[in-house]
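Me: I have a structure open here and would like to talk it through with you. Can we start with the overall picture and then go to details?

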Amino acid sequence: MWGSATGCCVLKRMIRQKNSPQADSDKTKTGGLKRLQQNLSASNDLFGLHDQYRDYYYKAKTHDENQAIQLEGGVVFEHANWAGGRQNYLCASLAPKYVKRNYTEILKHIDLDCVYLDVFSCNEMDECFNPEHLMTRKECMEYRRACFQYMISKGIIPSSEECSDWAMRELVFSHYGPYEFMMKDENEKRMGIPVPLFNLVYHDCFILPWPMDKKQEDYMLYALLNGGIPYVVRNAPYDNVDGNFGSDGLSIEDRIKRANVVLDFYQKIKNEEMVEHRIINDHVQQTTFSNNISVEIDTKENTYRIV
């Protein structure tokens, strides 16, 4: 379940295909997705898949170690950190082929508004020394972009995990783009004052969801400062990973109320450039958008002001 909302669309549910790069073409197994897609469309919601073409699991029927990233010494890298178990990394030079193969089949059965190609815009670029598919880091970037470009060619909105400038020509939204301190326990020492550098460049062309945790400091303030959209509920799959340090105790009613505050502001500035950012003091910051709307936040008092 992925719960973020925007003023121009609502992205409520994304279905994960756990054993990519393998797709299942059995029509009886796509019937449920088809019904879900139809129900969401009837509610004027967008429907997308959560998919992945880097983590390459041994349990997939078509797993072939020769297609995995090979290190310079000839070793095929592997680990078993995630719920899928033992895995390699698929060489990105092969990812566009699998994306095209899978979605050629998937689109025969269901209509897609968007696809979330996980980790591509978050993880570092890979290089591969397998002589059958040598790949530099620069080439890895281009192969990942080719996967996004394929989605665009099919009229599907592409997204990925983080907001990375190298992918801005293709990506429309991401999972999130949190400040570094949001990924750590709130009591850990911070590196400095967080500022909205990314949105000073890309605000008017990218939809960026923000964590909305209410802790000692209210993270909703940073969603407003950056002119972003809110996460209603953001559940990480593992404890103490991706900023998941337990519940802040808010009820779903409170979460929705807070999300609507951010959405109401987003409606006012969603197509605008962020033209100015000011640090007034250690706790107070202000951003201004190209339609002259400004928001000021005070992270000490946990207050905001829109002017």
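Me: What share of the 307 residues in the chain is buried?
Reply: Buried residues account for 49% of the 307 residues in the chain, and please keep in mind that this is a predicted model.

Me: And the accessible surface, what does that come to?
Reply: The accessible surface of the chain is about 15,100 Å², and carbon and sulfur atoms hold 48% of that area.

Me: How many helices and strands are there?
Reply: The chain has 6 helices and 14 strands. Among the contacts with a separation of 6 or more, 63% are between residues 24 or more positions apart.

Me: OK, what about the largest nonpolar core, which residues have the most contacts inside it?
Reply: That core has 65 residues, and the ones with the most contacts inside it are Tyr53, Tyr103, Leu112, Leu117 and Met151. Elements that each supply at least two residues of this core include strand S3 (46-52), helix H2 (95-106), helix H3 (137-153) and helix H6 (252-269). As a general point, nonpolar side chains in soluble globular proteins tend to be buried together.

Me: Take leucine 112 from that list, what does it touch?
Reply: Setting aside residues up to four places away in sequence, leucine 112 touches Phe47, Gly48, Leu49, Tyr103, Ile106, Leu107 and Ile156.

Me: Switching to serine 93, is it buried or exposed?
Reply: Serine 93 counts as buried because its relative accessibility is 16%, which is under the 20% cut-off. Serine 93 lies in the loop between strand S5 (87-89) and H2, and, leaving aside its neighbours within four places in sequence, it is in contact with His133, Met135 and Tyr143.

Me: Now the rings, how many aromatic pairs turn up?
Reply: A search of the whole structure finds 11 aromatic pairs, and ring pairs link Tyr179, Phe181, Trp210, Tyr219 and Tyr222 into a cluster.

Me: Which charged end sits over the ring of phenylalanine 181?
Reply: The charged end of arginine 190 does, at 3.6 Å from the centre of that ring. Elsewhere, lysine 97 lies over the face of tyrosine 98, 5.0 Å from the ring centre.

Me: Last one, in what sense do S11 and S12 pair?
Reply: Strand S11 (residues 274-279) and strand S12 (residues 284-289) pair in the antiparallel sense over 5 bridges, and a hairpin of 4 residues joins S11 to S12. For one of the bridges, glutamate 276 has threonine 288 in S12 as its partner.

Terms used
Residues numbered from 1 in each chain as written. Predicted model: local features only at pLDDT ≥ 70, side-chain atom pairs only at ≥ 80, totals over all residues. Heavy atoms only, no water. Phe/Tyr/Trp six-rings, centres within 6.5 Å; stacked < 30°, edge-to-face > 60°. Lys NZ or Arg CZ within 6 Å of the ring centre and 35° of its normal. Buried < 20%, exposed > 50% of the residue type's maximum accessible area, 1.4 Å probe, protein only. Contact = heavy atoms within 4.5 Å. Areas by Shrake-Rupley, 256 points an atom, 1.4 Å probe, with all protein chains shown as cover. Core = buried A, V, L, I, M, F, W, Y, C linked by side-chain atoms within 4.5 Å. Pairing = 2+ DSSP bridges.
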